[in-house]
Amino acid sequence: YFNSDADAEQTIINPVDGKNVISTIDTNIQQIIRKVLESFQEEMSDGPNGSKAAKNIGVVAMNPNTGEILGMDSSDWYDLNNPRDLTPFYSQEEIDAMDDQAKFNALNNIWKNYCITDAYEPGSTFKPMTAAALESASVAGDDTYYCGGYKTVGGVRIKCAIYPETHGNLNLEGGLKHSCNVVMMDIADKMGPETFLKYQKLFNFGSYTGIDLPGEGGGILHKLDGMGSTELATAAFGQGFTSTMIQEAAAFSSVINGGTYYKPHVVSTITGESGAVVESLEPVVVRQTISREISDEVREYLGSVMDSDGTGAKANVSGYSMGGKTGTAQKIPRADKKYLVSFIGFAPLDNPQVVLYVVVDEPNAEIQADSSYAQKIYKRIMTELLPYMNIFPEDPTKVEKADESDNTAGSVPDGTADENVPNPPENENQENIEEKKDMLSE
């Protein structure tokens, strides 16, 4: 280079070896997840919507006691050695017809990490967070509610999934077990919008989790002055606002781990060229969401979801104690009858070591409003994942093969919403989210 006197100078900088990043991702867990998703793709590829099993599928496996991501996968797999190859997803004619912007959008869509980027209405998997109203003293575990199949709020009839039938009298445990929308709406009404929003934010909905990956979405919540009685009622069962998979997994983990919210992360350790540890990343505690007593109570309630008459029965792995929650969310526009179905669960029941969250966005089926599609994926993964993690059945005599009872027909309804659910508020931060997505694709 030339110095300030225009004289040529040369400086040689010796190379320095880079550092190694050791991830929390477990290769074997990742392979289990991918194998199950590939199997599900094959089974669902002959549906009415073409060859894809669903519009999107996401899976997150997480250690609820540290925030470590053990496995994470989503559909639309592409070749990392040839990342601009669109031929697995589009015909050559479609690719030839794309302009630069269309190709950019198509590539951005396959490169994104659905588990952290896309925000959606979570549906009934949010109900465990509503149950945290126990912490606010707005309700008690032995309070009873009556479900007549619907609840009229602000002049709008909001149905339970069981409508026109009724759940009758239920306590909070029964409300979670049978995924009753009316119970959750009554609880939210007792909380009031200010307290309800306080707990949404306490569980970090509407904010980035801070996971150490690019392109994270934030989701959107109602503001206090925009949350009327109808918005409050539908938010109680997970509609009218949006979240990401990683937000849901982290919030749910705090509900069942004793009330501690951990920052999710995928980096465990950084080592030097010799393998010596340069930096060890310890779990980051963000806040206490609920007390251990309330956490223990809600966790027991979630265990009843897996009973033979609970909405999560098809996800139960025989011989194991576990808990979970189903989800069925009706997408916008409501009249199109498009659904996102999901299941989030954990094991063992008394000492959770793993949380597994599965989302199937618009399953390739005539009737999409059936969470058993997500339950099937959950059960198959957990059947292999738990023994691998040295988590063994409490009652080995009851263990069955993964496929013996995971057919998707005839599952128990789990809190589907209807056309009367208001749309989520407009996202004031959408430009920021889109900018982060663009950065990821670049």
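This is a predicted model: local features need pLDDT of at least 70, side-chain atom pairs count only at pLDDT 80 or more; totals for chains, interfaces and linings use all residues.

Modeller: Residues are numbered from 1 along each chain as its sequence is written, and side-chain values use heavy atoms, with hydrogens and water left out.

Colleague: At which residue does H12 bend?

Modeller: Helix H12 covers residues 372-388; helices (H or I, at least four residues) and strands (E, at least two) are DSSP runs, numbered from the N terminus. From first to last C-alpha H12 reaches 24 Å, close to the expected 24 Å, where the expected span is 1.5 Å times one less than the number of residues. A bend is the angle between axes fitted to the seven residues ending at a position and the seven starting there. In H12 this angle is about 30 degrees, and the residue is Met-382.

Colleague: Why is H12 described as largely enclosed by the rest of the structure?

Modeller: Buried means under 20% relative accessible area, exposed over 50%, and partly exposed in between (1.4 Å probe, protein chains only). H12 is largely enclosed because the buried residues number 13 of the 17.

Colleague: What is the angle at which H10 and H11 pack?

Modeller: Axes are lines fitted to C-alpha atoms, for helices over the stretch in contact, and angles run from 0 to 180 degrees between N-to-C directions. Helix H10 (residues 245-256) and helix H11 (residues 292-304) have axes 7 Å apart. Angles under 35 degrees count as roughly parallel, over 145 as roughly antiparallel, 65 to 115 as roughly perpendicular and the rest as oblique. H10 and H11 are therefore roughly perpendicular, with an angle of about 110 degrees.

Colleague: Is Ala-235 buried or exposed?

Modeller: Ala-235 lies in helix H9 (residues 229-235). Leaving aside neighbours within four places in sequence, Ala-235 is in contact (heavy atoms within 4.5 Å) with Phe-126, Phe-196, Met-227 and Phe-241. Its relative accessible area is 0%, so Ala-235 is buried.

Colleague: Which residue is joined to Pro-333 by a cis peptide bond?

Modeller: Pro-333 is found in the loop between strand E12 (323-330) and strand E13 (339-347). Omega is about -5 degrees for this bond, and the partner of Pro-333 is Ile-332.

Colleague: What is the relative accessible area of Asn-390?

Modeller: Asn-390 follows H12 and is placed in the loop between H12 and helix H13 (430-441). Although not a glycine, Asn-390 has a positive phi of about 60 degrees. Asn-390 counts as exposed because its relative accessible area is 59%.
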